[in-house]
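Student: I am new to this structure. Please show it to me, and then let me ask how the descriptions of it are reached.

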Amino acid sequence: MKLSAKMGRPPSSNPKQNDIKVRVDDQTHERLQKYCEANGITKAEAIRKAIVEMLDK
């Protein structure tokens, strides 16, 4: 019996290897949660988007 290639998610061309922890107050967290729900994205995606927009100014 021949073993198949390793299954799972393919490697990313831009892996996200750096972890950043941020503490926010309840109001900011609620606003972020509502933004993510309205736009169908995760909190991590929203934060990455905000960082890129800020740095591109």
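Tutor: Accessible areas come from the Shrake-Rupley method with a 1.4 Å probe, and for residues only the protein chains shown count as cover. On that basis the protein chain exposes about 6,200 Å², of which carbon and sulfur atoms supply 53%. This is a predicted model, where local features need pLDDT of at least 70, side-chain atom pairs count only at pLDDT 80 or more, and totals for chains, interfaces and linings use all residues. Residues are numbered from 1 along each chain as its sequence is written, and side-chain values use heavy atoms, with hydrogens and water left out.

Student: What makes up the secondary structure of the protein chain?

Tutor: Helices (H or I, at least four residues) and strands (E, at least two) are DSSP runs, numbered from the N terminus. The protein chain has 2 helices and 0 strands. Helix α2 covers residues 43-56, and α1 covers 26-39.

Student: How does the radius of gyration of the protein chain stand against that of a compact globule?

Tutor: The radius is taken over C-alpha atoms, and the globule rule is 2.2 Å times the number of residues to the power 0.38. For 57 residues a compact globule would come near 10 Å, but the protein chain has 17 Å. Along the principal axes, its C-alpha atoms fill a box of roughly 60 × 25 × 20 Å.

Student: Why is Arg9 called exposed?

Tutor: Buried means under 20% relative accessible area, exposed over 50%, and partly exposed in between (1.4 Å probe, protein chains only). Arg9 has 80%, so Arg9 counts as exposed. Arg9 lies in the segment before α1. Of the 57 residues of the protein chain, 4% count as buried.

Student: Why is Tyr35 called partly exposed?

Tutor: Tyr35 has 34% relative accessibility and therefore counts as partly exposed. This residue is found in helix α1. Tyr35 and Ala46 are 11 residues apart in sequence and 8.3 Å apart in space, C-alpha to C-alpha.

Student: What makes a patch of negative charge on the surface?

Tutor: Patch residues have over 30% relative accessible area and no salt bridge; like charges are joined within 9 Å, nonpolar side chains (Val, Leu, Ile, Met, Phe, Trp, Tyr) within 5 Å. A salt bridge is a side-chain nitrogen of Lys or Arg within 4 Å of a carboxyl oxygen of Asp or Glu. The negative patch gathers Asp25, Asp26, Glu30 and Glu37. Asp25 has 44% relative accessibility and so counts as partly exposed, while Glu37, at 58%, counts as exposed.

Student: Which residues make the nonpolar surface patch?

Tutor: Ile47, Ile51, Met54 and Leu55 make this patch of about 400 Å². Ile51 is found in helix α2 and, with a relative accessible area of 35%, is partly exposed.

Key
Lys and Arg count as positive and Asp and Glu as negative; His and the chain ends are not counted. The place of a charge is taken as NZ of Lys, CZ of Arg, CG of Asp or CD of Glu.
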